[in-house]
Amino acid sequence: MTLWRIRATVDDRPGYLSVLTASLALRGVNILTVQVQPTEQGAVDDFLVDAPDALDEAELIAAVERGRGRDCWVARSEARGLADQPTRVLGLANRLVRDPDATGEALRTLLAADVVSWRPATVGGERGITGATMLLADPAGGSFALRRVAPDFTPAEYARAQALVELAATVARRAAEQVTLVLPDGAEVAVRPASAHDLSGVVELHEACSPRSRQRRYLGGASLPQPARVRRLLEPSRGLTLIASTTGSDGTAESVVAMANLLGEGDEAEVALLVRDDWQRRGLGSALLRRVVQHADRSGYAALVLHVQATNDPMLRTLHRLGRPAAVERDGGLLTLTVPLAVAARADREDVFSTPGV
């Protein structure tokens with residue numbers, strides 16, 4: 001007996017699936033697993049079957065068509081195909097919890113894709129499926145493009161893949177960024193990704209900062225930003241916001257002392273820092289900047305952009321300590337600094353995860 005995968009579309013009407021299974025049974029084909037995926041064209045039935053060795057691909061396709069199946073695809077399978085889909089997905093999810101950077105390989109395994117590519121920005125069409133190609137949004141920025149020779153992707157496969165990508169992004173966001181920093185003077189601060197629950201603490205941070213610090217952060221003035229704007233900064237649609245906080249030795253409530261924003265747009269990301277005045281010149285700004293740069297590197301951005309007042313010497317020194325060259329453009333008293341990242345040498349960067357020989 002030989003293992004085969006069969007995929008065919010069947011009209012979503014009572015009794016049609018039983019006609020197909022009966023046609024396979026007449027040829028001695030044993031159905032081991034079946035998944036039914038609804039589509040606009042009908043129900044896509046995905047079978048793993050055990051067939052007599054004498055049956056070839058053409059005979060299996062003929063049996064499916066006699067059973068009222070259409071758009072049939074048949075391929076040899078392996079014993080690992082016996083694992084049901086929920087088990088496989090849970091296994092891949094467990095792998096991503098341990099290694100979020102394995103997203104591309106996990107997608108390839110989940111969907112038996114021939115090639116999985118990552119790009120800094122969505123290119124070549126809208127997110128979704130078109131035949132045997134799929135484009136997924138990466139919550140950290142950019143997109144995953146998947147391709148396989150056959151069969152065509154289904155909406156159910158798209159939903160599984162998008163959920164897997166979002167899981168990896170969540171793990172990377174929460175696990176990789178939750179650290180305790182020890183500053184040069186021995187002070188400790190907790191650094192973690194921000195959320196909407198941090199709104200009151202970040203508003204208090206702005207209130208505690210001097211007008212000069214707020215003006216350096218927002219450039220347009222020293223007034224307090226509206227809570228709605230702060231809320232958008234805490235949970236950017238693309239990028240990351242980190243907050244640094246302390247807790248009193250007597251267990252008093254957490255106090256937010258700094259915020260770093262990484263806001264993605266295309267293949268670039270804008271960076272801005274706000275550090276409470278009594279925590280400035282203690283190395284906190286430099287530590288936060290290094291962490292957002294590391295995140296931008298992992299996310300595949302080509303460059304960082306910073307808008308800095310020409311008189312903001314502390315921020316310019318912080319950027320200099322980063323040790324990365326920056327292109328500088330001046331517009332009156334405003335400097336725009338562009339810092340190339342590791343992928344800058346390949347502006348159209350594409351990480352590719354492919355099957356051997358493809």
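View A. Helix H1 (residues 16–26) lies across E1, E2 and E3, at about 25° to E3. Helices (H or I, at least four residues) and strands (E, at least two) are DSSP runs, numbered from the N terminus. Axes are lines fitted to C-alpha atoms, for helices over the stretch in contact (heavy atoms within 4.5 Å), and angles run from 0 to 180 degrees between N-to-C directions. This is a predicted model: local features need pLDDT of at least 70, side-chain atom pairs count only at pLDDT 80 or more, and totals for chains, interfaces and linings use all residues. Residues are numbered from 1 along each chain as its sequence is written, and side-chain values use heavy atoms, leaving out hydrogens and water.

**View B. Four strands make an open sheet.** Follow the order E2-E3-E1-E4, with antiparallel pairing; two strands pair if DSSP finds at least two bridges between them. Strand E2 (30–39) and strand E4 (70–76) are the edges, each pairing on one side only.

**View C. Meet strand E3 and its partners.** Nine bridges link E3 (residues 42–51) to E1 (residues 2–10) in the antiparallel sense, and here Arg 7 stands opposite Asp 46. Nine bridges also join E2 to E3, with Val 34 partnered by Phe 47. E2 and E3 form a hairpin with two residues between them. In E3, 10 of its 10 residues are buried (under 20% relative accessible area; exposed is over 50%, partly exposed in between, with a 1.4 Å probe and protein chains only).

**View D. Look at the buried residues of helix H6.** In H6 (residues 199–208), Leu 199, Gly 201, Val 202, Leu 205 and His 206 are buried. Their cover includes helix H7 (211–218) and strand E12 (255–265).
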